[in-house]
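Please look over the sequence and the model shown here before reading on. The report below goes through the chains one by one and then turns to the places where they meet.

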Amino acid sequence: MSTTELGMPGSHGLADVPLAEGPQTAKDYRSDQEVRWCPGCGDYAVLAAVQSFLPDLGLRRENIVFISGIGCSSRFPYYLDTYGIHSVHGRAPTLATGLAVTRPDLSVWVVTGDGDALSIGGNHLIHALRRNVNLKILLFNNRIYGLTKGQYSPTSEPGKVTKSTPLGSVDHPFNPVSLALGAEATFVARALDSDRAQLTEVLRAAADHRGTALVEIYQNCPVFNDGAFDAVKDPRERVQRIIPLRDGEPVRFGAEGEYGVTRDPRTGGLRVAPVAETGEDALVVHDAAAGDPTQAFALSRLDSGDHGPVVPVGVFRAARRPTYDDLVRQQAGRSGGDSTLRDLLRGRDAWTVEPHRRNTP
Amino acid sequence: MTSPTVPRPPVRLERVVIRFAGDSGDGMQLAGDRLSADSAAFGNDLATRPDFPAEIRAPQGTVPGVSSFQVHFADYDILTPGDRPDVLVAMNPAALKANAADMPPGATVIVNTDEFTRRNLQRADYATSPLEDETLSGHVVHQVPMSSLTRGALADSGVSRKDAERAKNMFALGLIAWMYGRPTDGTETFLRRKFAARPEIAEANVTAFRAGWNYGETTEAFATTYEIAPASLPPGTYRQITGNTALALGLTAAGQRAGLPVLLGSYPITPASDILHELARHKEFGVLTLQAEDEIAGIGAALGAAFGGALGVTSTSGPGLALKSEILGLAVMTELPLVVIDVQRGGPSTGLPTKTEQSDLLQAMHGRNGEAPLPVIAPRSPGDCFDAALEAARIALAYRTPVLLLSDGALANGSEPWLVPEPDDLPDLRVEFATEPNSPDGSGAFWPYVRDESTLARPWAIPGTPGLEHRIGGLEKSDGPGGISYDSANHERMVRLRQAKIDGIDVPDIEVDDPDGRADVLVLGWGSTYGPIGAACRRVRARGLPVARTHLRHLRPFPGNLGAVLQAYRQVVVPEMNLGQLAGLLRAAYGVDVVSHSKVTGQPFGAEELADALVSVIKGESA
C-alpha cells in the first residue's frame, strides 16, 4: 500500500470511506474473541446494535477502526472484526485524532465509558469535541466504575453509597450532554441501551455527521449499579419520562403527547408543562442544526423539575462546522510547492567550500 | 583636524570566543545568531552557546534577566562553543556582573556606558561602578555609549526613539563585525528580510549595524582588527544549523526516505518547541503537525497515526516524557514504530527549563511500568541531530518499536556549520506493510504477533488492508495469534521476546580514538559532551599524555564490542552532565568500575576543566 492521499473534504461523515462491494451481515462483524461481559450487562445490547448497524453503512470492513480506553466498555473493539486498538485509560480520543487526521479513508470510532471519558480522559474528550475531528465517540454511561468493582463515577448521583463513598458521594456529577455542548461539540446525542431502534437511529446520524459526534448511551450495570435507569425504562413510566427529540418538530411527549417543553420566562431556560396549560404554540421546536447551541443546552438541562425526572433522548445537536482534520489536510494540500528535499536541507543561507580553498594543515 | 588613519594590518588569530550579553530584551540572541551566520558564511568553523533565562522578560537590568550568546569561531575544526570569552560585549551592568567571572585575564570588554547609570548599577548590585574601580583591571576595556550612538545615527531616520534604541544590538554587532573582518552582506540581507513588513525598521537596523562598523573604523580606540582565516573544512555545501532544526529536517527526510507521511503530535515545551515550529513549515513534504492539548495527547496522536501507517513522532523535554510514559508502554506492547524526542533540560520537576543537562537517561531506560525495553539513542552535536533522527526512524520502522532520542538544551539551541548531505545518499527507510494473511496454521487468518525471524518485528498491517483486520492493545497478547492472553507461560515468553527484540537491534560497534595506541585511560561519553570531551582530549594530548576516547550513540542496546572496549583500559572515565547515570548503567551491565565525572550546573563542560580532571585520572592522582 502506498501513502494516503490527502484529499479535500466531503460533507458527509463517511464521504471518503470506500464502500464494500457486496452486502454484509452482523456476523461479518463478530470477531473470534469470546465476549466476557457480565451476564445481563447493557454492553451486550450495544454491541449487538453496532454489529447489526455497521452492515447498513455498507463500508469496507477494513476501513473501520474502533479505539477504546480502559474500562468494561473498552473491551468493545476486541469483539468486532474490524481494525481496533484497546488503548490507555482516557486516551482513546488522542489515538483516534492522530489516525483520523492522517487517514481520511477510515471510519474512526471511539468507545469509552463515564469514568474513561469524563474522569481520567476529560481533557481529551473536550478537546476532541472542540476540534471537531471526524470521529464518533460512544460514551457508555452506567454511572459507576465497573471494572474496578463499584466505585462512584463522575456521573453518579450525589449521595451515592459505594465502596469508596460509604457515607454517600459528595461529588457533583457531570451531565455528559451538557458538557459536550459546552465544549463546542457539533454533534451530541443520547440513547438507551434498551431501545435498539432509537439507538440505531442515533448511531446512523452520528456516522453521517462530519465532525466529532458524541453519543451518550445509558447502559445498565447489573452487578454494581443495577437499575440506575429504571425510572426511564419502566414500561409504564417510560412515556412520562422520555422526551424524544425530533428535528423540526415541537418537543412533546406522553402517551398522548400531553406534555410539552416550553420556555420558562422565570429562568430563561426550558421547562416541562402540560400542553393543555401552555397551548401548542408555546412549545419549542427542536432545531438540531441551529448554529447557536443555547436551546440544545437548555434541553440537556431538563432532567428534573415539578414533573419529576425526565430524559430527553435523540439528537440534541447536529451542526455543520469545518472539521479539524479536513482543515489540516487542506493546509497540507495548499502548501504544495515545487521545493525539493535537497532545497529544504540546504536552506537559504548555504555556502560552498571548494576543494582548492582547503588550508594546509 | 585628525590625521588620516593609517590602517594597520589585522592581527591573525586561530580562533576567538565572543560573548554578547545584555538584558533579555536587548536582542543578544539575534546578535549572536548573526555573528555565527556571518562567520559561517566567511568559512570559519564555529560553535555557539545561547544562554537565557526561563522568564521571557525577567526584571529589567537585573542579573537573573541577563541573556547571552557565545560564538566560537576558528580557522580549524573546533569542537565546543569555548570555555571563556576572549571578548565580552556587556550591554548593561548586570550583563557585566553575570559574566565577569568567566573572562580570562587580558580579555577584551566592550561596555555600553549609556546603561551604566546609578540605578542600573544598583540593580546589578554594584556598590561602585566597575568602570571606575579595580573590577576590570587586567582586561582591555572599551567604553562605548552604544545607546546614544545608535540613537544619534537614527536621529533622521523617522523611527521612534524606542525603536532606535532597540537597534543597539545591531550597533554592537557592527562593531564586532568590523573588529573581526566579518562579511556584512548576509546580515543586511537578513535584516531586510526579517523586517520586510516594516521597511523603516529594517533600514534603521541596517543603519545601526553600519554605524557600529563605522565607529570601529573611525575611532582610534579600536586600533587593532583581527583576522581569522577560513577553516579547512571538507569540501561541500554547508549551512549553519541548530540541533532542533537538524532534528526537524532529519524527521522530514526520514518520512521522505520511508515513503511515509509524518505526523508530529507535540505540546509546546522548552527547549523542544522549535522542533514543532520547524516541522509545522514543511507540510509539502507530507509532514502534519498537531499541537495537542497536552503531552499525553501528543504521543497518543503519534501512536494512532502509526497504527494507520504514518511515521509517528512526538517531541518533548523531561517533564513531558514523564507524562508520556504510559503511552510509551502501550507503544512497546503494541509494537508500533514511534519516534520520541526528549530535548533534555535541568531537572527534576520543572527544574532549569532553559539550561542543559543529561537528565533523563535513566528515565528513558526505565521510566515505564513493567519490563518495557525500548531503544535509546543520542546525537552528539547540533548537525549530528539530523543523522540521529534518521537512525531513530530506521530502528523504529525496521523493528516496530518506539525509539527514544535524547537531545539536550545545548544541542537544541547550539549551532555549527553542517555539511549538507545529498538526499540520495541518505539511508533507504522503505518499509513493507503486511498485505496477506500469515497464520502458520494455514487457516488464512492474520496473526498480528507472528515475528520476523531476523528482527523479531511483528507485521505492520494497517487499516484499509482487507483480510488483516485485527485488534491490538495494552493487555498481554498471545504469542502469534495476538488474542488477549493471561496465560502465565505466554506472558513470560512475550516479556522475553520483547526484550530479545530490543537486545538484538543491529547497532554498529564503537570505534576508539587513541592516536598513538598507548593510552590506558579511556574517556567514554554520550550526547552533547562529545565536543567538550574531544576538546579536552586534545588538551591532554597536547600536554604529552595519552588518552583514548569513544562516544556512544546507542545507549540501548549498547554496541556489541562495548564490554570488550571497557575491559581493555586500566581506567574508564565517564563525564556526564548528571550524577553518573551512564556510569551506573555500565557498572551494572559490564561489572566495570568506571569513574564518573559529573557536573550539573546547567552548563556544558568546559574543555579546560575537563582536561584537568582527565589529567588527574591519567596521573593516578584522583578518581
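## Chain A

Among the contacts in chain A between residues at least 6 apart in sequence, 66% join residues at least 24 apart, where two residues are in contact if their C-beta atoms, placed from the backbone, lie within 7 Å. This is a predicted model, in which local features need pLDDT of at least 70 and side-chain atom pairs count only at pLDDT 80 or more, while totals for chains, interfaces and linings use all residues. Residues are numbered from 1 along each chain as its sequence is written, and chains are lettered from A and ligands numbered from 1 in the order in which they are written.

The secondary structure of chain A comes to 12 helices and 12 strands; helices (H or I, at least four residues) and strands (E, at least two) are DSSP runs, numbered from the N terminus. Of its 361 residues, 49% count as buried, a residue being buried if 20 or more other C-beta atoms lie within 10 Å of its own, exposed if 12 or fewer, and partly exposed in between, with C-beta atoms placed from the backbone. Taken along the principal axes, the box filled by the C-alpha atoms of chain A is roughly 100 × 50 × 50 Å.

## Chain B

Chain B contains 20 helices and 22 strands. Its radius of gyration is 27 Å, close to the 25 Å that the globule rule gives for 623 residues, so chain B is as compact as a globular protein of that length; the radius is taken over C-alpha atoms, and the rule is 2.2 Å times the number of residues to the power 0.38. The C-alpha atoms of chain B fill a box of roughly 100 × 60 × 45 Å along the principal axes, and 56% of the 623 residues count as buried. Of the contacts in chain B with a separation of 6 or more, 76% are between residues 24 or more positions apart.

One covered element of chain B is strand β13 (residues 338–344), in which seven of seven residues are buried. Both of its faces are covered, with B:Leu338, B:Val340, B:Asp342 and B:Gln344 buried on one side and B:Val339, B:Ile341 and B:Val343 buried on the other. Strand β12 (residues 311–316) of chain B pairs with β13(B) in the parallel sense over four bridges, and there B:Val313 stands opposite B:Val339; two strands pair if DSSP finds at least two bridges between them.

## Where the chains meet

In the interface, 58 residues of chain A are in contact with 67 residues of chain B. On the side of chain A that touches chain B, the elements giving two or more residues are β2 (83–86), α2 (92–102), α4 (122–131), α11 (324–334), α12 (341–346) and β12 (351–353) of chain A, and the largest share, eight residues, comes from α2(A). By class, this side has 22 nonpolar, 23 polar and 13 charged residues, where Ala, Val, Leu, Ile, Met, Phe, Trp, Tyr, Cys and Pro count as nonpolar, Asp, Glu, Lys and Arg as charged, and the others, Gly among them, as polar.

Three strands form an open antiparallel sheet in the order β12(A)-β9(B)-β16(B). Its edge strands, each pairing on one side only, are β12 of chain A and β16 (415–419) of chain B. B:Tyr238 stands opposite A:Trp351, and its bridge partner in β16(B) is B:Leu419. Helix α1 (residues 28–42) of chain B lies across β12(A), β9(B) and β16(B), running at about 165 degrees to β9(B); axes are lines fitted to C-alpha atoms, for helices over the stretch in contact, and angles run from 0 to 180 degrees between N-to-C directions.

Another open sheet, of nine strands with mixed pairing, has the order β7(A)-β11(A)-β5(A)-β6(A)-β4(A)-β3(A)-β1(A)-β2(A)-β17(B). Its edge strands are β7 (242–245) of chain A and β17 (471–473) of chain B, and the twist averages 20 degrees from one strand to the next. Within this order, β4 (residues 136–141) and β6 (residues 213–218) of chain A run parallel and are joined by six bridges, with A:Tyr218 as the bridge partner of A:Asn141.

## Confidence

The model scores ipTM 0.95 and pTM 0.93. The mean pLDDT of chain B is 95, and 99% of its residues reach 70 or more; pLDDT is the predictor's confidence in each residue, from 0 to 100.
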